[in-house]
Amino acid sequence: MVIPDFMEERLNRLPQGWGVATLERMPSVQMIGYGITRPGAHVDDGVGMIRAADIQDGHLHSDEPRRISPRTHQANIRSELRVGDVLIVLVGRVGEAAVVTDAYHGWNAARTVAVVRMTEPDEAAWLRLWLGSPYVRDWCESRVTGSTLQRTLNLKVLRGLPVPLPPPEARAAFLRTAEVMERKAAVNTRIAECAMSLSDALFAAEAQDKGAWPEQSFGTLAHLRSGHASRPREDAPHADESSQGSAVPFIAPADVLRRGLPYISRTDTWLASPDADSVCAPQSLLLATREDGVHAVLNEVPVVPGRGILALQPETLADSYWLLHEVRARSGELTAAAQGPGGRELSRNAFAATAVQWPPSSVRERFARLTGKLHLRARAAYAESEILNRLHDRLLDSFLDGAPNVESAH
């Protein structure tokens, strides 16, 4: 078993009494496979199918699920989901994982998702947390293949993932602590989602008079440019090195397509000393697309967009807010500007020519004042969750070092 230095150093320091096994040799693993290669067309009353995009921040989210025909489901019964299965992203945000809950029992999975069937719930919960660790992220990054748009982790490679095996009692104590932190993070997520829903509703109310507004195009309202940077090499700086040198966060389509707030302030990948022309200033609008629509985020810090991202730079923050919610409201319609294999990249020229009913500055500024407060509340909740995530990583390290009482940390 070949282990990168970062993983090896961590596993060599495990407490006495711990074990290490590859994923396929974990005691309760029954099956490791992947989902449907050819799901066919969407069927409104069909069986739900989990895609890579539905696995976010350790949980399953499928507000607008892809559904397959019962016949396709039966033909792929091997990947039918059961409660307790661990699902792992194989394409895009490789390594992200979630455990199947009652709400998704009986669904199926896409080819971009690995299905790990386990008999022990606590072991499945531990595996999900381990998959979210920086050690596994580094391990996955060193083994992915493909381009920025289609980064892939081979299932055979995933089977060899090293997994530490703590004693059952210590593992159960750590899982209880992690659950408390995740519940608090879930509350923060709900606060942020409600704030954004209110902001979307406010935009819909303001846009009721849009028929009386003059028509302009996206190209006249913002400077547009396509991202062209390639993903940095594996030895590029990590996010925790942002204070060193002149590194700038690199944004891939997967970063834009993540479920959550329409903001980006940090990523796990950085570019050292990028060309000034490739850097987008804060408050730019970064767009990426997939089959369910065009998605947009605002960057809070300078970033470098990668291939597959279209960057819009409006003149004012009020314009940025309005265009952000314009894209959110017309997400499905705007995929008409997509091109390339599977429509995964927005055409700069086609998007620039797309029409927008543009309101007077008084409307845009009023909307910005009101929605800005909602965005501020959402970002505060999100920032608290970011602190919890960092605390979680520190607690995991303490646990891997053999901390005697992890539960006392909260």
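Alanine 352 counts as buried, at 16% relative accessibility; buried means under 20% relative accessible area, exposed over 50%, and partly exposed in between, with a 1.4 Å probe and protein chains only. The residue belongs to helix H10, residues 348-352. Helices (H or I, at least four residues) and strands (E, at least two) are DSSP runs, numbered from the N terminus. With residues up to four places away in sequence not counted, alanine 352 touches Ser217, Phe218, Gly219 and Leu224, where contact means heavy atoms within 4.5 Å. Alanine 337 lies 15 residues from alanine 352 along the chain, and the C-alpha atoms of the two are separated by 9.1 Å.

The model is predicted; local features need pLDDT of at least 70, side-chain atom pairs count only at pLDDT 80 or more, and totals for chains, interfaces and linings use all residues. Residues are numbered from 1 along each chain as its sequence is written, and side-chain values use heavy atoms, with hydrogens and water left out.

The secondary structure of the chain comprises eleven helices and 23 strands. A compact globule of 410 residues would have a radius of gyration near 22 Å, and the value for the chain, 22 Å, agrees with this. The radius is taken over C-alpha atoms, and the globule rule is 2.2 Å times the number of residues to the power 0.38. The C-alpha trace spans about 70 × 55 × 35 Å along its principal axes. Of the 410 residues in the chain, 49% are buried. Among contacts with a separation of 6 or more, 80% are between residues 24 or more positions apart.

The accessible surface of the chain is about 19,300 Å², and carbon and sulfur atoms account for 50% of this area. Accessible areas come from the Shrake-Rupley method with a 1.4 Å probe; for residues, only the protein chains shown count as cover. The chain carries 45 positive and 50 negative side chains, and the centres of the two sets are 3 Å apart. In this count Lys and Arg are positive and Asp and Glu negative, while His and the chain ends are not counted. The place of a charge is taken as NZ of Lys, CZ of Arg, CG of Asp or CD of Glu.

Zero disulfides are present in the structure, a disulfide being a pair of cysteine sulfur atoms within 2.5 Å. Cysteine 280 is buried, with 0% relative accessibility, whereas cysteine 194 is partly exposed at a relative accessible area of 32%.

Arginine 171 is located in helix H6, residues 168-206, and is buried, with a relative accessible area of 9%. Apart from neighbours within four places in sequence, the contacts of arginine 171 are Glu120, Asp122, Glu123, Trp126, Pro166 and Phe399. Alanine 383 is located in helix H11, residues 361-400, and is partly exposed, with a relative accessible area of 39%. Between the C-alpha atoms of alanine 383 and alanine 212, which are 171 residues apart along the chain, the separation is 39 Å.

Loop positions were treated likewise. Threonine 112 sits in the loop between strand S9 (108-109) and strand S10 (113-118) and is partly exposed, its relative accessible area being 24%. Arginine 51 is 61 residues away from threonine 112 along the chain, with 6.5 Å between the two C-alpha atoms.

Aspartate 57, not a glycine, has a positive phi of about 55°. This residue lies in the loop between strand S4 (55-56) and strand S5 (59-60), and aspartate 57 is exposed, with a relative accessible area of 52%. Glutamine 283, likewise a residue other than glycine, has a positive phi near 75°. Glutamine 283 is placed in the loop between strand S16 (270-271) and strand S17 (285-290) and counts as partly exposed at 40% relative accessibility.
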